[in-house]
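Work through each task before you read its solution.

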Amino acid sequence: IQTKLPKVGTTIFTVMSQLALEHKAVNLGQGFPDFDGPQALRDALAAAMNAGRNQYAPMTGVPALREQIARKTERLYGRKVNPDTEVTVTSGATEALFAAIAAVVRAGDEVIVLDPCYDSYEPAIELNGGRAVHVPLDPRDFSPDWQRIKDAITPKTRMILINTPHNPCGSVFSAADLDRLAELVRGSDILVLSDEVYEHIVFDEAPHQSVLRHAELAERSFVVSSFGKTYHTTGWKVGYCVAPRALSAEFRKVHQYLTFCTFTPAQVAFAEILEKDPQHYLDLPAFYQAKRDRFRELLAGTKFRLLPVAGAYFQVVDYSALSDRDDLAFCEWLIKEAGVAAIPISAFYETPPAEQRLIRFCFAKNDATLEQAAERLTAL
Ligand code: PMP
Ligand code: GLN
């Protein structure tokens with residue numbers, strides 16, 4: 001058969017999780033917590049099922065959940081959005097990213113992505129006839145290099161895709177970054193797709209610089225988030241997209257034929273927990289910061305060099321003091337020989353820097369898991 005995605009294989013997350021399973025390794029590769037979300041959330045899910053909330057939700061999402069998302073957006077980012085016309089609930093952020101791209105990217109359009117970048121972006125762009133234009137983040141601190149981004153803009157540029165807090169690097173945008181982005185797109189019809197799935201995981205008291213805080217950018221942006229990250233429920237696959245009315249209307253044209261709607265009982269449960277316990281997401285930075293700090297302390301005695309982590313739940317480390325294998329080979333070796341799974345950073349690049357020796361560990365794990373992994377890594 002003629003393949004539409006000749007460069008694409010099985011995702012690195014699946015590959016590494018399978019290898020981890022085969023070798024009984026501690027899995028710090030694929031990003032998911034090894035603990036459950038709030039008991040009240042799980043109770044609310046069961047209650048919704050038992051109360052008969054088991055049929056299709058409205059195409060745009062359960063109204064009470066859209067209402068809660070709008071309230072959260074206003075409370076945190078000072079932006080009033082209309083829950084009926086500007087908020088759409090999706091099957092995880094993955095669907096929201098795909099739907100936003102499919103809604104606006106036409107054959108021949110270019111979408112600027114910043115490498116390293118999450119692996120679902122480029123296939124979504126290509127399947128819709130677009131071309132991903134890869135611009136590297138500044139290798140010193142993985143911040144956006146605005147001059148290079150500006151230089152990459154052409155008359156074909158349809159969209160710029162950003163991700164803050166950043167997977168895999170843990171870097172975050174500053175308010176000045178949003179201003180620079182606004183300057184770049186001012187007067188053009190370039191749209192912004194902002195992947196903010198880790199919006200509630202920002203450390204050291206820093207505010208999350210959501211595009212939704214920036215009135216000018218918000219006017220031309222799709223902002224995507226995921227309850228999987230916020231409520232430790234990656235397997236429930238509920239996310240959402242906030243976008244101005246006209247963009248949301250286009251987004252919904254795709255969403256209604258991609259999935260139509262997502263799992264109703266989970267939407268009911270998230271609406272309830274957002275109303276009853278908004279403290280959960282307010283406490284999330286401290287919760288994950290303690291894990292970040294614990295994991296960094298545990299790795300302090302190893303030969304890994306730890307890169308800074310300002311947000312999200314990943315620790316990137318340089319392993320060049322341990323090996324000069326490339327990062328994929330090193331990750332395979334690490335699973336087999338040390339019993340710890342990680343993700344090679346080269347998987348997030350079009351052209352990985354040749355000399356880069358970086359891998360990613362997920363620290364969204366119980367302390368016992370982190371300690372077991374660290375014990376194995378310390379022995380190297
Ligand atoms: N974007 C980024 C940056 C992610 O890390 C993830 C999840 N790993 C997603 C999107 C997808 O989120 P979801 O699981 O809600 O589809
Ligand atoms: N987003 C998760 C990560 O970065 C993986 C999600 C997936 O496996 N598709 O590890």
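Before you start, angles under 35 degrees count as roughly parallel, over 145 as roughly antiparallel, 65 to 115 as roughly perpendicular and the rest as oblique. This is a predicted model, where local features need pLDDT of at least 70, side-chain atom pairs count only at pLDDT 80 or more, and totals for chains, interfaces and linings use all residues. Residues are numbered from 1 along each chain as its sequence is written.

**Exercise 1.** Work out how helix H3 and helix H11 pack.

Step 1: H3 (residues 63–77) and H11 (residues 264–276) pack at about 40 degrees, with axes 8 Å apart. Axes here are lines fitted to C-alpha atoms, for helices over the stretch in contact, and angles run from 0 to 180 degrees between N-to-C directions. Helices are DSSP runs (H or I, at least four residues), as are strands (E, at least two), numbered from the N terminus.

Step 2: H3 and H11 are therefore oblique to each other.

Step 3: H3 brings Ala-64, Leu-65, Gln-68 and Lys-72 to the contact, while H11 brings Gln-267, Phe-270, Ala-271, Leu-274 and Glu-275 (in contact means C-beta atoms, placed from the backbone, within 7 Å).

**Exercise 2.** Find which element gives the most to the side of domain 1 that touches domain 2.

Step 1: Domain 1 covers 12–37 + 280–378 and domain 2 covers 53–278, with bounds from an automatic or database domain assignment.

Step 2: On the domain 1 side, 30 residues are in contact with 30 residues of domain 2.

Step 3: Helix H12 (279–299) and strand E10 (314–318) each give two or more residues to that side, and H12 gives the most, with eight.

Notes:
Chains are lettered from A and ligands numbered from 1 in the order in which they are written. Two residues are in contact if their C-beta atoms, placed from the backbone, lie within 7 Å.
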